[in-house]
Amino acid sequence: MNIIEQLMGGCYNGLVIGTEVEVGDAKNISPPEGQHHFDLEQLQDAVGGYIQIVLVPRSKMIMAINEDGRLKGLALNPIASMIANQVIVGPACIINRDQLE
């Protein structure tokens, strides 16, 4: 089962994928206590700055990435790049589209 299948199957609320981790090392995150949605501050903390939203192809997922990642020279994130089917740098946070506030 890949990351997207796990997320769509409800195994995780969200995953933060760093630039130097294996798929199995992704960090599981959840919305704040008692809420269904992730708030802006939580996503900004996960990616280390202002967020940019990237649609994940063929899924109901979105990916929050660091909006200034390329300007800051953040490292390539090969796992997130493969999932998004585009070049992603820095940490990426994958959540269900309906969990974005």
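Residues are numbered from 1 along each chain as its sequence is written, and side-chain values use heavy atoms, with hydrogens and water left out. Because the model is predicted, local features need pLDDT of at least 70 and side-chain atom pairs count only at pLDDT 80 or more, while totals for chains, interfaces and linings use all residues.

**Burial and exposure**

L55 is found in strand β3, which covers residues 51-55, strands being DSSP runs of E with at least two residues, numbered from the N terminus. L55 counts as exposed because its relative accessible area is 53%, and exposed means over 50%, buried under 20% and partly exposed in between, with a 1.4 Å probe and protein chains only. S59 is found in the loop between β3 and β4 (61-66), and S59 counts as buried because its relative accessibility is 12%. N66, in strand β4, is likewise buried, with 4% relative accessibility.

**Polar contacts**

The table lists polar contacts, meaning pairs of N or O atoms within 3.5 Å; within protein, one atom must be able to donate a hydrogen and the other to accept it, and residues adjacent in sequence count only if both atoms are side-chain atoms.

| Side chain | Backbone atom | Distance |
|---|---|---|
| S59 | nitrogen of M61 | 3.1 Å |
| N66 | oxygen of G48 | 3.1 Å |
| N66 | nitrogen of D68 | 2.8 Å |

Leaving aside neighbours within four places in sequence, N66 is in contact (heavy atoms within 4.5 Å) with V47, G48, G49, Y50, K72, L74 and P91.

Methods: Helices (H or I, at least four residues) and strands (E, at least two) are DSSP runs, numbered from the N terminus.
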